[in-house]
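Try each task before you read its solution.

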Amino acid sequence: MPFAFFDVLTDNFDAFATGFGTTLRIVVLSFVIAMVVGTLVAAFRVAPNPWLQRLGAIYVEFFRNIPLLVLLFISFPGLRRAGVEITAIVAGVASLGLYTAAYVAEALRSGVFSVSKGQIEASLSLGFSYPQTLRRIVLPQAFRTVISPLGSLIIAMIKNSAILGGSILALDDLLKAGRVIQSRTFETVPSFVWAAAGYLILTGLATVAIRRLETRYAVRR
Amino acid sequence: MKTTRWLAILALALGLVLAGCGEDDEESGGAQEESTPAAEVEQFEPGTPLGDIQQEGTITIGVKYDVPPFGFNNPQSGTVEGFDVDLGRAIAERLGVEPEFIEAISDNRIPFLQDGTADVILSTMTINEERVEQIAFSDPYFIAKGRILHKKDDTEITGVDALAGKSVCTALGSTYEATLKEQAPEAKLKLVDSYSECLESLQNGSVDAVSTDDVILTGMIIQDDTLELVGEELTQEPYGAGIRTENTELLEFVNETFEAYKTDGRYDTAFEKWIGQYTGAQPEPPTISVDEAVELVKQSAG
């Protein structure tokens, strides 16, 4: 029986590797989108202009309050039916990235609020513009306080990427590889244990990276 | 402010009560149907698989919820209906118990039997060599043919040979994954959970074709007449009821039930109701055995 367990991996290594590659690609691209858009939205949310603040708030509430799976159904079949020739991987990465961006924005915003108001006032009175204040004074400090919440978000995003493969997008990601192999071999537990191992590699790497960042930059208390 | 809150709570409570009533109605409706059995029900010893089912009073049957005309959730009545469902009812009726239908998708139906979630699986399941090693099958109750469905205005797909480079949708865990890999190795396979997702993907243009059993595809054409079947038959797909391998008593019981069902006219009535009236086909209850069915699948897969 334990031999069959390893056979499931060795016999289907190519399928698992392809699935792992697809998941890795999804995760990396979504991460970039989430960080860029998330930072932008966070900047909107703490901007002095109330309209920008509102815009940021609408973004966060929209993407944070809709289940990711529902978002996928809107972004893929919905857009395609509306005549937009979007591919499954683009729809998937965009959905996961924009969804995670809402959480990233909230984490960054909480970090910004941890920087005392006095510093911002001091910076402004010294002649820095608001964007300069944000870039030079506030965000570097905010970033340090939000490393661990951001890390949790990234790990959650890696796990959420499995929703893409399980959905109508029919992407051949790591979870899908496990399911296809399960349906071929009927070895349910080994198929998914090996898929889980693949996710553990990704989340493990993310954890190590976050630890590194924390030891280098985090605020020590 | 206070009154609105009270009204909201009242409305919620009322909703819950009404929802509860709805369920009761359904149950009592089922019981009424069941209280007029055609013949005396044979009682089995408690402790045997059939006796246990009788003692429990329900038999759990896994069916498709989204594959008309075999098993689908009727939005009007809120119950699951179809050819497979009628067969399931016949089994339950002969045992003198209530059928409890649960959704079994292609991907989870064999695990459902193995872990005891379902007693019987009636979900358009083709009898093939791999599956016979995992579970036991009843004698075939239907023989479907593998076909390809495409959009009428797509002239490029003329049959299985023209699928190279095209994306083709089928269900994860179905026999078509292997069939397509063999007959159309250059086609890009899109594997999804259910055929309703294949229909959606074909309609929104993210796949070029859907391949599965002709009857399932006919169900899609009934829903969307811009689609049509194209090309030759890919395979022959004899459907059988799935039962846990150890449960030979239930297997025998199901086979006897099907035998009676095929000969006493119920099969023909169900066929006409679910398939014949749409396709004009005549009922042809299969007479082959499980072994012959396995052979048939092997031959037709080439």
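**Exercise 1. Work out how strand E1 of chain B sits in its sheet: is E1(B) mostly covered or uncovered, and which strands does E1(B) pair with?**

Step 1. Start with burial: five of the six residues of E1(B) are buried, so the strand is mostly covered. Buried means under 20% relative accessible area, exposed over 50%, and partly exposed in between, with a 1.4 Å probe and protein chains only. Helices (H or I, at least four residues) and strands (E, at least two) are DSSP runs, numbered from the N terminus.

Before you go on, note that this is a predicted model, in which local features need pLDDT of at least 70, side-chain atom pairs count only at pLDDT 80 or more, and totals for chains, interfaces and linings use all residues. Residues are numbered from 1 along each chain as its sequence is written, chains are lettered from A and ligands numbered from 1 in the order in which they are written, and side-chain values use heavy atoms, leaving out hydrogens and water.

Step 2. Look for the partners of E1(B); two strands pair if DSSP finds at least two bridges between them. E1(B) and E5(B) run parallel and are joined by six bridges, with B:Ile61 partnered by B:Phe101 in E5(B).

Step 3. E1(B), residues 58–63, also runs parallel to E6(B), residues 120–122, through three bridges.

**Exercise 2. Find the three-stranded sheet of chain B and say which strands are at its edges.**

Step 1. The order is E2-E3-E4 in chain B; the sheet is open and its pairing antiparallel. At the edges are E2 (66–67) and E4 (80–81) of chain B, each pairing on one side only.

Step 2. Two bridges link E2(B) in the antiparallel sense with E3(B), residues 71–73. Opposite B:Val67 you will find B:Gly71 in E3(B).

Step 3. Now inspect the loop between E2 and E3 of chain B, where B:Pro69 lies. The peptide bond from B:Pro68 to B:Pro69 is cis, with omega near 5°. Most peptide bonds are trans.

**Exercise 3. Describe how helix H7 of chain A packs against H4(A) and against H8(A).**

Step 1. Take H4 (residues 68–81) and H7 (residues 130–166) of chain A: their axes come within 10 Å and cross at roughly 45°. That angle makes H4(A) oblique to H7(A). Axes are lines fitted to C-alpha atoms, for helices over the stretch in contact, and angles run from 0 to 180 degrees between N-to-C directions. Angles under 35 degrees count as roughly parallel, over 145 as roughly antiparallel, 65 to 115 as roughly perpendicular and the rest as oblique.

Step 2. List the residues that meet: A:Leu68, A:Leu69 and A:Leu72 from H4(A), with A:Asn160, A:Ile163 and A:Leu164 from H7(A). Contact means heavy atoms within 4.5 Å. Sorted by type, the residues of this contact are five nonpolar, one polar and no charged. Here Ala, Val, Leu, Ile, Met, Phe, Trp, Tyr, Cys and Pro count as nonpolar, Asp, Glu, Lys and Arg as charged, and the others, Gly among them, as polar.

Step 3. Turn to H8(A), residues 174–185, which packs with H7(A) at an angle of about 50°, the axes being 7 Å apart. H7(A) is therefore oblique to H8(A). A:Ala162, A:Gly165 and A:Gly166 of H7(A) make the contact with A:Leu175, A:Lys176 and A:Arg179 of H8(A). This set divides into two nonpolar, two polar and two charged.

**Exercise 4. Where is A:Ala170, and what is its phi?**

Step 1. A:Ala170 lies in the loop between H7 and H8 of chain A. Its phi is near 55°, a positive value in a residue other than glycine.

Step 2. With a relative accessible area of 3%, A:Ala170 is buried.
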